[in-house]
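Me: Can we go through this one together? I'd like to start with the surface and then look inside.

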Amino acid sequence: HLSISNNVPFGMIASYFSILCKYLIIEFIPKDDSNVQKLLSTRKDIFTKYDQKNFEKAFDGCFDIIKSQNIEGSKRVLYLMRSRHVYE
């Protein structure tokens, strides 16, 4: 929702979350998901880099991706990540 609804690039989302938490559970929802289609139905699709590859690339800059899991019955993917930010 942050990316599609608010035009926030994946890299900015990743950077923000990396300073907030040591671990992150986040879901990637592809464009062909019905909820994303609802968000895009009232606006022009300007999100040319909104795909799983670019999502992973952006988050890989701030996080180690520990695990990813396809969600059964959908094209969504759930991720467990660890921030590369230094925590004490």
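**Surface, salt bridges, helices**

Reply: L80 lies in strand β3. Keep in mind that this is a predicted model.

Me: ok, which residues make the nonpolar surface patch?

Reply: L80 is one of them, and the others are Y23, I25, I66 and L78. The patch covers about 470 Å².

Me: and which strands each supply at least two residues of it?

Reply: Those are β1, residues 23-28, and β3, residues 77-83.

Me: switching to charges. how many salt bridges in the whole structure?

Reply: A search finds six. In one of the salt bridges, R76 pairs with E27, and their closest N and O atoms are 3.3 Å apart.

Me: what does that pair tie together?

Reply: E27 is in strand β1, while R76 is in the loop between β2 (63-70) and β3, so the pair links parts that lie 49 residues apart in sequence.

Me: now helices. at what angle do α2 and α4 cross?

Reply: Roughly 40°, with the axes coming within 8 Å. Helix α2 is residues 10-20 and helix α4 is residues 52-60.

Me: left-handed or right-handed?

Reply: The crossing of α2 and α4 is right-handed.

Me: which residues make the contact?

Reply: From α2, F10, G11, I13, A14 and F17; from α4, N54, F55, A58 and F59.

Me: how do those divide into nonpolar, polar and charged?

Reply: Seven of the contact residues are nonpolar and two are polar, with no charged ones.

Key
Residues are numbered from 1 along each chain as its sequence is written. This is a predicted model: local features need pLDDT of at least 70, side-chain atom pairs count only at pLDDT 80 or more; totals for chains, interfaces and linings use all residues. Side-chain values use heavy atoms; hydrogens and water are left out. Axes are lines fitted to C-alpha atoms, for helices over the stretch in contact, and angles run from 0 to 180 degrees between N-to-C directions. Helices (H or I, at least four residues) and strands (E, at least two) are DSSP runs, numbered from the N terminus. A crossing is left-handed if the near helix is turned anticlockwise from the far one by less than a right angle, and right-handed if clockwise. Contact means heavy atoms within 4.5 Å. Ala, Val, Leu, Ile, Met, Phe, Trp, Tyr, Cys and Pro count as nonpolar, Asp, Glu, Lys and Arg as charged, and the others, Gly among them, as polar. Patches are made of residues with over 30% relative accessible area and no salt bridge: like charges are joined within 9 Å, nonpolar side chains (Val, Leu, Ile, Met, Phe, Trp, Tyr) within 5 Å. Accessible areas come from the Shrake-Rupley method with a 1.4 Å probe; for residues, only the protein chains shown count as cover. A salt bridge is a side-chain nitrogen of Lys or Arg within 4 Å of a carboxyl oxygen of Asp or Glu.
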